[in-house]
Amino acid sequence: MSRELLLSHLIGRQVRDADGRKIGRIEELLARIELHEHGNDYVVVEFHVGAYGLMEALTGGVFAQKLVQRMGSVVGYRRFRIPWEWMDLSDPLHPRLNHTRVELETRAES
Amino acid sequence: MKKWLEIALGIVTGIGGFLEVGSIATSAQAGSEFRYQLVWALALGVISLAFLMEMTGRLAAVSKRTYVDLLREHFGMRFFLVALIAVFVVSLMVLMAEIGGVGTALQMATGIAFAWWAVPVAVLGWMVLWRGTFGIVEQGTATLGLLAVSFAVGAVKAHPDWGALGRAFIPSRPTENPARYWYLAVSILGASISPYLYLFYSAGAVEDGWTQDYLGVNRITSGLGNLFGGTLALAVIVTAALVFAPAHIQIERFEQLGSLFVSPLGRAGFWLFVATLCITCFGATLEIALSIAYLIAQGFGWEWSENLRPARNSRFSTVYTVAILVAAIPAALGISALSLTNMSMVLSAASLPFTVIPLIALMNDGNVMGRHCNGWISNIALISISVLSIALFFVSLPLQITGGG
Amino acid sequence: MAALDGVQLVHDVQDACLCDRNGRRIGRVDALALTLTEGKPLRVSTILIGGAVRAERVGTWMVRLRGAIAAMLHHDRDFGVSRVPFSAVRVIGGTIELDVDGATLPSSRLERWLGDHIIGHIPGSQGENK
């Protein structure tokens, strides 16, 4: 069964890991073309989750992303690129990873 | 050859287009009450405007998108709405003052009260926008506005103390009435750095199809055009300082300014002032009405261009039509151009942060500007102007209350 | 746009200006609808253009205000919203080009109405360029 949700409902949502620990907020979705016999679609392949994604939720534009990324190392900001299959959106308002933060950090480092 | 013509036209537009009801009124009041003391505020305003216009012009030439377009896209709906409301309200008030300015000039020429002129002026302005192209709107009245060069002639003939004038470029504290002094300083800055000026300039660069080849033209026209234009506003300060200040004349009505250039230029001075006020305010009326339409159309992604027939972009043409007709109402009701001008110039200063600060992000974004991002000089200038705009935001309302008179 | 590198939905798509197959501007990407199917990646399905979805981006107060205006005009809450399948996207650049005729979209209704009922009746309004 399929359902529709809006991008704006996902952006800024707090993401927790499998243990319920906070990871950050959804800042960006990366989509790529997927080819299939009936045509082609853009599908989301990655979720970009950052510690200060709240700013993105408040101002709602590209500027906030870039500012926080630039300030990055100074303010201890960290951004994770999470593959779609790691994200559980059965409750889209409360997205969860089906992996732990430790696994996420291990993946990010490798 | 074509580039030189573009540069010449751009400078003419800057000269003829700089003066309008705000810069004339604030400069005259500054000169009559504080002689040369507020020259530094005008210089600061002119330099700030030159930098902002150069940047928004460069932004448009490189990205082929207007500043408003990029503002909406990069800062999202919520921020854009705040900026939209701030700029729209201020621009509409300035538009009201400009129509009042044209009406006042016609009253001075004919004796018929300015209130009767408000609607005919608005309708004439609308007809020019309806039928005219962007080139006609931008360059037509600005070329006629070269009449304002007579102000510079008048100021020189009034024999100013050049030494004292030169020293006045350095900021100084007021010798008396500080609230009024700083109020006029803020008003001059608001008149010089009106958001509609650089938003219109950015839209114009896209209307004219500017490319990266125009970066040099952009730098020269925004720099020299504003420098020469600012000199004409300086001429108003100087002449008011020499004609009104010694007689302790306080400017309470626009009509008093009719005698400003009579002393240095004779009876012709009166007619030159009236004609200049009429033409420059009319030109500003067209620019501001278009600027409001650009702001809304570009922000919401509607079809827009002054070069298209109105039915091809009906929402855009509806906006400037409604704006110019609504703006005629205060003058038609007899509200004085001077009161409208004084209030709108201070509000203009207060609205600056919403359109200045976002430029910091855009002008340093390699995806937008490519290899034409701001250098260190432009960034220092932009950050300084941003700090100034924040200061103006906080002091404008208190000063309007304490020094507005 | 580098389709192979991927499209960033917030950076490249949301709020981008849209133009139709005739090169006319028709609005902005006010909202982007994604289809969620269990076990499959999110599919970018629909571009939404128009006042109601734009109001939601601002806040609930704006949604209520717009709803009140819609009720006064005897329209439903979603009036004037265009839903364009993402498959109609031809180019994603500074402007997103869609393979649709903008004149037929619900979000262009006001543009058409003004052109047909007011602007178009005033002399000098018709034609292409001045």
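Modeller: Gladly, and let us begin with elements: helices (H or I, at least four residues) and strands (E, at least two) are DSSP runs, numbered from the N terminus. With that, α3(C) gives the most to the lining of the largest pocket, with 5 residues. This is a predicted model, where local features need pLDDT of at least 70 and side-chain atom pairs count only at pLDDT 80 or more, while totals for chains, interfaces and linings use all residues. Residues are numbered from 1 along each chain as its sequence is written, chains are lettered from A and ligands numbered from 1 in the order in which they are written, and side-chain values use heavy atoms, with hydrogens and water left out.

Biologist: What is the volume of the largest pocket?

Modeller: On a 1 Å grid over the protein atoms alone, a pocket is an open set of points with protein on both sides within 12 Å along at least five of seven lines; a cavity is a set where a 1.4 Å probe fits but cannot get out, and lining residues have an atom within 4 Å of a point. Grid points are joined across faces, edges and corners, and a volume is the space filled by probe spheres set on the points. Here the largest pocket comes to about 960 Å³. It is lined by 30 residues, and those closest to its centre are Trp302(B), Gly51(C), Arg54(C), Arg66(C) and Leu110(C). Two or more lining residues come from each of α4 (67-110) and α13 (267-300) of chain B, and from β3 (25-28), α2 (51-58), α3 (60-72) and α4 (109-117) of chain C.

Biologist: How do the residues of that lining divide by class?

Modeller: Ala, Val, Leu, Ile, Met, Phe, Trp, Tyr, Cys and Pro count as nonpolar, Asp, Glu, Lys and Arg as charged, and the others, Gly among them, as polar. The lining of the largest pocket has 20 nonpolar, 6 polar and 4 charged residues.

Biologist: Now to strands. Which strands pair with β4(A)?

Modeller: Two strands pair if DSSP finds at least two bridges between them. Strand β4 of chain A (residues 39-50) pairs antiparallel with β3(A) (residues 22-36) over 11 bridges, and a hairpin of 2 residues joins β3(A) to β4(A). In that pairing, Glu28(A) stands opposite His48(A). β4(A) also runs antiparallel to β5(A) (residues 79-83), with 5 bridges, and there Phe47(A) faces Ile82(A).

Biologist: Is β4(A) mostly covered or mostly uncovered?

Modeller: Buried means under 20% relative accessible area, exposed over 50%, and partly exposed in between (1.4 Å probe, protein chains only). β4(A) is mostly covered, with 9 of its 12 residues buried. For chain A, buried residues make up 43% of the 110 residues.
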